[in-house]
Amino acid sequence: MSGLAFVSGAANVAAVVGTVFSVLLVALEFGPDRHGFVVYRRLTAFWSCVARTPWPAVAALATGSVTAGLERAIHTLFVDADRSAFFNALFLGLVFLALPAMALLNALVGGSSLLVTFCAVVVVVFAMLNLSGEIGATWLFNRACATFLGISVFFFIPAYVLQSFSDRLLKEVVGHAVLESILVAPLGYILAYSAMIFFDNLLRGRARRLRDAINGFLAALPVSYVLTFAAVLVGHFAVADPEPKKTWALLLASMVFASAALPFVIAVLKPVLQSGRGLALAAAYGTCLVVASGFSILLYTFAYAAVDGAWSVAPALNVLVGMAPDGGHIYLGPAFWVAHLPYIPIALCLAGFAIGLLAKTVAALLGALRGEAFARDKPLLSSGLLCAMLSLLAWGLAGLT
C-alpha cells in the first residue's frame with residue numbers, strides 16, 4: 001500500500017464532518033434566541049473583525065492570531081503553569097505520591113528496588129535538612145542536602161521513570177503505545193518545567209529572546225513525545241505496516257527537531273507581523289518552510305538513516321516528498337509522518353492564513369449580496385458557509401488522491 005488511500009479516506013471523513021457542522025451552524029442561525037451563547041458572541045466578534053479588515057491585511061491578521069495563540073498557550077499552559085491549582089496538584093501528586101507508590105509496588109512484585117531505595121534516601125535527607133536547617137554552622141551541609149533534593153525531586157526521579165516507561169512503550173504495540181504515551185507525557189512535562197526553572201535562574205532575566213526560545217522548545221517536548229507515537233500509528237494505518245520501527249533514536253530525534261520548530265516559527269514570524277509588510281511575510285513563510293525542511297531531514301537522518309548506518313541525504317529527501325527511501329514509489333509510511341512533525345507549527349500558521357482568506361471571501365460575498373454588516377449580524381450562517389467551503393476543499397483533496 002502507498003498510503004494515498006488512507007489520505008483520501010481521511011479527507012473524505014473531514015469533508016463529511018465539515019458538512020455536518022455546516023448544516024448544524026446554518027440551522028442554529030434560524031433557531032431560537034442564541035445571542036446569549038458564548039460561541040455566538042465569539043463568532044460575532046470574529047466576523048466583525050474579518051469584515052472590517054482590508055484584503056491586504058488579512059494574511060498578517062490571520063497569521064498573527066495563530067502565533068499569538070501559540071504564545072498564549074506556551075505561557076498559560078507552561079511558563080505560568082505554577083499559578084494554577086491543577087499544576088500544583090499534578091506535580092505534588094505525581095512526584096510525592098504516585099511515583100513512590102508505583103516504585104514500592106514494583107519492588108513488592110519482584111521488580112527493581114532501585115527507585116524505592118532512592119526515594120527512601122530522599123526522605124532521609126529531607127528529614128536531616130529539617131533538623132539542621134536552622135543551624136548556621138552547618139550551612140555547607142544544608143546547601144548540599146538542598147541541592148541533592150532539588151536534583152532528585154525535579155530531575156532524577158521523573159527522568160528515571162520516564163526512561164523506564166518510554167523503554168516499555170517502544171516495545172509495545174503501536175496502538176497501545178499511543179494511549180499510554182498520553183499518561184507518560186506528564187513526566188516529560190515536569191522535566192521540561194524543571195529545566196525551564198533552571199535556565200530562568202541561569203539567565204536571571206537576561207537574553208529575553210533566548211529565554212523565550214528555550215521556553216517554547218521545552219513546552220513543545222511533552223507534546224512532541226505524544227505526537228511521535230501518534231505519527232507512527234498514522235503511518236501504521238496508512239500502509240498497513242505490521243511492526244513499525246520504534247527506537248530511542250527515533251523518539252529523541254523527533255522530540256528535539258519537532259520541538260525546535262515551534263520557537264523558530266514564532267521568532268521569525270512575530271517581528272514581520274509587527275512590520276505589516278506583505279513581501280516580508282512571504283519571505284518569513286519561505287524561511288520557516290526551508291528551516292522546517294532542514295529539521296525534517298535531520299530528524300529522518302538521526303531517527304532512521306543513522307540507525308541503519310546510511311548517512312546519505314537522498315533517502316531523507318525522498319521520504320520528505322512522499323516517496324520510499326529508495327525513491328521507487330509513493331510510500332506514506334511511519335517515516336513520512338514522523339519526518340513531517342517539524343512542519344506542524346508552520347502548517348498551523350498556513351492553515352490560519354488560508355482560513356482567514358476563505359473567511360474574508362465569505363464576508364465579501366455576503367456583503368455584496370446582503371450588505372456589509374450581514375456576515376457580522378449572521379455569524380452562525382457565515383461560519384456554516386465557511387465550513388462548507390472547507391468541506392469542498394477536503395473533497396477536492398480526496399479526489400486528487
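View 1. F21 sits in helix α1, residues 4-29 (helices are DSSP runs of H or I with at least four residues, numbered from the N terminus). This is a predicted model, where local features need pLDDT of at least 70, side-chain atom pairs count only at pLDDT 80 or more, and totals for chains, interfaces and linings use all residues. Residues are numbered from 1 along each chain as its sequence is written, and side-chain values use heavy atoms, leaving out hydrogens and water. With a relative accessible area of 46%, F21 is partly exposed (buried means under 20%, exposed over 50%, partly exposed in between, with a 1.4 Å probe and protein chains only).

**View 2. Helices α10 and α13 packing together.** Helix α10 (residues 278-305) packs against helix α13 (residues 344-370) at an angle of about 145°, their axes 10 Å apart. Axes are lines fitted to C-alpha atoms over the stretch in contact, and angles run from 0 to 180 degrees between N-to-C directions. Y285, C288 and L289 of α10 meet I346, C349, L350 and F353 of α13 (contact means heavy atoms within 4.5 Å).

**View 3. A salt bridge between E71 and K270.** Side chains of opposite charge can pair when their charged atoms come close. Here E71 and K270 form a salt bridge, with the closest N and O atoms 3.1 Å apart (a side-chain nitrogen of Lys or Arg within 4 Å of a carboxyl oxygen of Asp or Glu). E71 lies in helix α3 and K270 in helix α9, so the pair ties together parts that are 199 residues apart in sequence.

How values were computed: Helices (H or I, at least four residues) and strands (E, at least two) are DSSP runs, numbered from the N terminus.
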